[in-house]
Amino acid sequence: MEKHTSTQETVRGQNVFEWYEALISAALVLVLVFSLFFRIIQVDGESMVPTLQNGDKLIVWGAGYEPQRGDVVIVDSYTAYGKPLVKRVIAKGGDVVNIDYQAGTVSVNGEELQEAYIAEPTYLGYDVTFPYTVPEGTVFVMGDNRNASLDSRSSYVGCIDERDILGKVLLCFLPFSDFGVVK
């Protein structure tokens, strides 16, 4: 009888050990996946309203990402601005950006952008003069809340080196009221 109880305790101990081992392995895989492919970022500020709200938590895809016009991206914190930025790519290297502050419109390569995602027309200007040619290897970014966004229209932020982009925002997952794919 004692031998039978001892065998059960050994089997139970092995099962618990295997269970912990599986949990640790799963946690390591998750850490690796999120380190190499995904990041979680929190929106800080109102510059992307109405697309994103202050405090929204985002999943960002970074592995092998190359910026495209219209993408919402995260800019690394070691840029001149000093903290991560969430902005929309308006133009890429070689593109010519023009902003008509009277009409509130933005054009890239002579074509006016149709921007259903912005809070209001673009009336706020900074110190960059237009038309402006985006240097190769950089992107011109703007917030969707154009009149409350510090972005590439200011020489303080300027154009962003493509290597400073952490990735494309894929999904807003918190708060649940804002849950959804970011477009």
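Predicted model: local features only at pLDDT ≥ 70, side-chain atom pairs only at ≥ 80, totals over all residues.
Reader: What is phi of N109 near?

Author: Phi of N109 is near 55°, which is a positive value in a residue other than glycine.

Reader: And is N109 buried, exposed or partly exposed?

Author: The cut-offs go like this: buried is under 20% relative accessible area, exposed is over 50%, and partly exposed is in between, with a 1.4 Å probe and protein chains only. N109 has 46% relative accessibility, so N109 counts as partly exposed.

Reader: What share of the contacts links residues 24 or more positions apart?

Author: A contact means heavy atoms within 4.5 Å. Among contacts in the protein chain with a separation of 6 or more, 59% are between residues 24 or more positions apart.

Reader: What about the surface: how much of it belongs to carbon and sulfur atoms?

Author: Accessible areas come from the Shrake-Rupley method with a 1.4 Å probe, and for residues only the protein chains shown count as cover. Here the accessible surface of the protein chain is about 10600 Å², and carbon and sulfur atoms hold 57% of it.

Reader: Which residues form a nonpolar patch on the surface?

Author: A patch is made of residues with over 30% relative accessible area and no salt bridge; like charges are joined within 9 Å, and nonpolar side chains (Val, Leu, Ile, Met, Phe, Trp, Tyr) within 5 Å. In this model, V16, W19, Y20, L23, I24 and L28 form a nonpolar patch, and together they have about 650 Å² of accessible area. One of them, L23, lies in helix α1 (residues 2–36). L23 is partly exposed, because its relative accessibility is 44%.

Reader: You mentioned salt bridges. How many does the structure hold?

Author: A salt bridge puts a side-chain nitrogen of Lys or Arg within 4 Å of a carboxyl oxygen of Asp or Glu. The structure holds seven. In one of them, E66 pairs with K92, and their closest N and O atoms are 3.8 Å apart. E66 is in the loop between β2 (57–61) and β3 (72–75), while K92 is in strand β4 (residues 85–92), so this pair links distant parts of the chain, 26 residues apart. K92 counts as buried, because its relative accessibility is 15%.

Reader: Which residue does K168 form a salt bridge with?

Author: Its partner is D71, with the closest N and O atoms 3.6 Å apart. K168 is in strand β11 (residues 165–174) and D71 in the loop between β2 and β3, so the bridge ties together parts 97 residues apart in sequence. K168 has a relative accessible area of 28%, so K168 is partly exposed, whereas D71, at 10% relative accessibility, is buried.

Reader: How do R163 and D161 meet?

Author: Their side chains form a salt bridge too, at 2.7 Å from N to O. R163 is exposed at 70% relative accessibility, and D161 is partly exposed at 23%.

Reader: What does the side chain of S155 make a polar contact with?

Author: A polar contact is a pair of N or O atoms within 3.5 Å; within protein, one must be able to donate a hydrogen and the other to accept it, and residues adjacent in sequence count only if both atoms are side-chain atoms. The side chain of S155 makes one with the side chain of D127, at 2.4 Å. S155 is in the loop between β9 (138–142) and β10 (160–161), and S155 is exposed, with 52% relative accessibility. S155 and D127 are 28 residues apart along the chain, with 6.4 Å between their C-alpha atoms.

Reader: Last one: which peptide bonds are cis?

Author: A cis bond joins V49 and P50, with omega about 10°. The bond from F130 to P131 is cis as well, with omega near 5°. P50 is in the loop between β1 (38–42) and β2, and P131 is in the loop between β7 (111–112) and β8 (132–133).

Technical notes:
Residues numbered from 1 in each chain as written. Heavy atoms only, no water. Helix = DSSP H or I, 4+ residues; strand = E, 2+ residues; numbered from the N terminus.
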